Amino acid sequence: MLVSTRGRYAIRIMLELSSRKSDERVSLAELSEKQGLSFKYSEAIVSLLVKNKFLEGQRGKSGGYKLGLPASEIKVGEILKLTEDSLAPVSCLDCNPNQCEKASSCKTLPMWSHLNSIINDYLFKVSLQDLLDGTVDK
């Protein structure tokens, strides 16, 4: 599993908004500047997050973006699942059921499956609030 810049930046944008007051809206320009991202790339990420209800957007003079849910209810795994093609450590785990012709005899598949479970269990346990509070397991 390799997390793309889109996934990492989506988490950074969400953390930036998590650190604000719950009713405070932040402009896309400010989000882009704070995170050192191009406006266009930020726009694509934010659009995806709004479409999937992680963020709320409002146009106009007092517009901007804010979290669509409390930070404690947004799991890092949900953001990454949305932004990444896959969280699986190997491609054969992307299909369910496994379509690999060697799956029934593969000696390494149980290891990869277990690693996949560990990754998913962990990422879907960690919330944005945990990251803000610094309470993530080390």
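Rings of Phe, Tyr and Trp (its six-membered ring) count as a pair if their centres lie within 6.5 Å; planes under 30 degrees apart are stacked, over 60 edge-to-face, and the rest tilted. The model toured here is predicted, so local features need pLDDT of at least 70 and side-chain atom pairs pLDDT 80 or more, while totals for chains, interfaces and linings use all residues. Residues are numbered from 1 along each chain as its sequence is written, and side-chain values use heavy atoms, leaving out hydrogens and water.

**Stop 1: the aromatic pair**

Select Tyr-9 and Tyr-41. The structure holds one aromatic pair. The ring centres of Tyr-9 and Tyr-41 are 5.7 Å apart and the planes stand at 80 degrees, so the pair is edge-to-face. Tyr-9 is in helix 1 (residues 5–18) and Tyr-41 in helix 3 (residues 39–51), 32 residues apart, so to speak of the pair is to speak of a link between distant parts of the chain. Helices (H or I, at least four residues) and strands (E, at least two) are DSSP runs numbered from the N terminus. Tyr-9 counts as buried at 18% relative accessibility, whereas Tyr-41, at 30%, is partly exposed. Buried means under 20% relative accessible area, exposed over 50%, and partly exposed in between (1.4 Å probe, protein chains only).

**Stop 2: helix 2**

Next, select residues 28–35, which form helix 2. Leu-28, Leu-31, Ser-32 and Gln-35 are buried there. These residues cover an arc of only 95 degrees around the axis, which puts them on the same side of helix 2; the arc is taken from the directions from the helix axis to the C-beta atoms. On the other side of helix 2, look for the exposed Glu-33 and Lys-34. The buried residues pack against helix 1, helix 3 and strand 2, where contact means heavy atoms within 4.5 Å. Gly-36 follows helix 2 and has a positive phi, near 65 degrees.

**Stop 3: the hairpin and its pocket**

Move to strand 1 (residues 55–58) and strand 2 (residues 64–67), which pair in the antiparallel sense over four bridges. Pairing requires at least two DSSP bridges between two strands. Glu-56 stands opposite Lys-66 in strand 2. The two strands form a hairpin with five residues between them, and Gly-60 in the turn has a positive phi of about 105 degrees.

Now select Val-50, Gly-57, Gln-58, Arg-59, Gly-63, Gly-64 and Tyr-65, which line the largest pocket. Strand 1 and strand 2 are the elements that give two or more residues to this lining. The volume of the largest pocket is about 180 Å³. A pocket is an open set of points on a 1 Å grid over the protein atoms alone, where a 1.4 Å probe fits, with protein on both sides within 12 Å along at least five of seven lines; lining residues have an atom within 4 Å of a point. Grid points are joined across faces, edges and corners, and the volume is the space filled by probe spheres set on the points.

**Stop 4: two buried loop residues**

Select Ala-88, in the loop between helix 4 (76–83) and helix 5 (109–123). Ala-88 counts as buried at 14% relative accessibility. Ala-88 and Met-1 are 87 residues apart in sequence but 5.7 Å apart in space, C-alpha to C-alpha.

Finish at Ser-127, in the loop between helix 5 and helix 6. Ser-127 is buried, with a relative accessible area of 3%. Beyond neighbours within four places in sequence, Ser-127 is in contact with Ala-71, Ser-72, Ile-74 and Lys-75.
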